[in-house]
Amino acid sequence: MINYVPNKAYIDPKCLKLERGKQIVEKLEKLNVPLEYTKKVEIKGDSPAEIYMNAKNTVLVTVNSQKKLAPCRPSADYQFSLTSSCPGNCEYCYLQTTQGEKPYIKIFANVEEILQVIDDYIEENKPNITTFECASITDPIGLEHLTGSLGECIEYFGGSDYGRLRLVTKFADVDSLLNLKHNKHTRFRFSINAKYVIQNFEHKTASFEERMEAVRKIAEAGYPIGFIVAPIMIFDNWQQQYNELFERLKGALGNYQEQISFELIQHRFTATAKELIQSRFKNTKLDMEEQNRQLKWGPYGKFKYVYKKEQSIDIKNYITKLINTNFNNSNIEYFT
Ligand code: SF4
């Protein structure tokens, strides 16, 4: 896929005092992105769909002044962000309902300060290991060609005795990360799915083939690897397509010997998400028929629609069987 280039970038003047801020601005200039030097972002559009698309094509380069990190249980101790929102247009993005009606992209240029905050948390928790997730409100690979900040973070954690990093991505632009001194301290998780799901719902992310190639490269580079298979859906020939997914994954991983983690999440939606998705993606093919689902009480105080019990068990059993058939070094962390 072609790397993301925004239609417009706003530059918070504070960033121009930072080396990384200047580098990002230079890159944007080389890409002929129109720049405006203010942190007041304006997004226009005549419909929710247009506003969403315009926001996704707009970047604000700014600083992240957060000194207190939010917990990120159960996947890590804390979360931090180098960017927020992302260039992808996934219809069921978990950020659809949390980033407001204008989910423009923020790039944080003060990586040194962000790493200092992380360092303070690690120091305080020594000699225990402290784990950090950097993909809670973004996709950390989707903007790496503009920022280079994830690479810096991976090397920071590579040199840290007590800090560990986790990330998850639907992008495949990993070449700049392959020769870093990661020291196996970063767990690289790929969000993967059947071809039908990626092609129909994960717009502007890496294709199935590109993700397989990125998996191969990251495995060869010796990173700890994991996969989030989500959202798992039932559609015509879903079983064959998920079978193909795991067979291809096995091929991409070659003789990778380390333990591989799998997180399995069936498709779900809330009433709010359904309304938002239908307003942003008018021709969506997402199955959000309430009568095909059952209600489950979610941890965030909202009911969500999940597959009915029988189907849910079918999904769990089938995907578990595929993983166990293809990998003897796998660990299924959860199915939900
Ligand atoms: S790649 Fe991830 S963060 Fe980006 S739109 Fe898709 S689901 Fe959301």
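How many nonpolar, polar and charged residues make up the shell around the ligand? By class, there are six nonpolar, one polar and three charged residues. Here Ala, Val, Leu, Ile, Met, Phe, Trp, Tyr, Cys and Pro count as nonpolar, Asp, Glu, Lys and Arg as charged, and the others, Gly among them, as polar. The shell itself is K56, C86, G88, C90, C93, Y94, L95, D139, K170 and F171, each with a heavy atom within 4 Å of the ligand.

A word on the model: it is predicted, with local features needing pLDDT of at least 70 and side-chain atom pairs pLDDT 80 or more, while totals for chains, interfaces and linings use all residues. Residues are numbered from 1 along each chain as its sequence is written, and side-chain values use heavy atoms, leaving out hydrogens and water.

Next, burial. Buried means under 20% relative accessible area, exposed over 50%, and partly exposed in between (1.4 Å probe, protein chains only).

| Residue | Relative accessible area |
|---|---|
| C15 | 0% |
| C86 | 12% |
| Q241 | 16% |

Now Q241, which sits in helix α8 (residues 238-253). Helices (H or I, at least four residues) and strands (E, at least two) are DSSP runs, numbered from the N terminus. The Q241 side chain gets to 3.3 Å from the backbone nitrogen of K195. Setting aside neighbours within four places in sequence, Q241 is in contact (heavy atoms within 4.5 Å) with A194, K195, Y196 and F235.

Helix α5 (residues 149-158) is largely enclosed by the rest of the structure, because eight of its 10 residues are buried. Those are S149, L150, G151, C153, I154, Y156, F157 and G158. They pack against α1 (19-30), α3 (111-125), β9 (130-133), α4 (144-147), β10 (163-169) and β11 (186-192).

What about disulfides, meaning cysteine sulfur pairs within 2.5 Å? A search of the whole structure turns up zero. For C15, the nearest cysteine sulfur belongs to C153, 16 Å away.

Finally, the cores. A nonpolar core is a set of buried Ala, Val, Leu, Ile, Met, Phe, Trp, Tyr and Cys residues joined through side-chain atoms within 4.5 Å. The largest one has 78 residues, and F80, I118, F227, Y242, F246 and F262 have the most contacts inside it. Apart from that core lies another of 15 residues, including C15, V59, V61 and I105.

How values were computed:
Polar contact = N/O pair within 3.5 Å; in protein donor to acceptor, adjacent residues only side chain to side chain. Disulfide = S-S within 2.5 Å.
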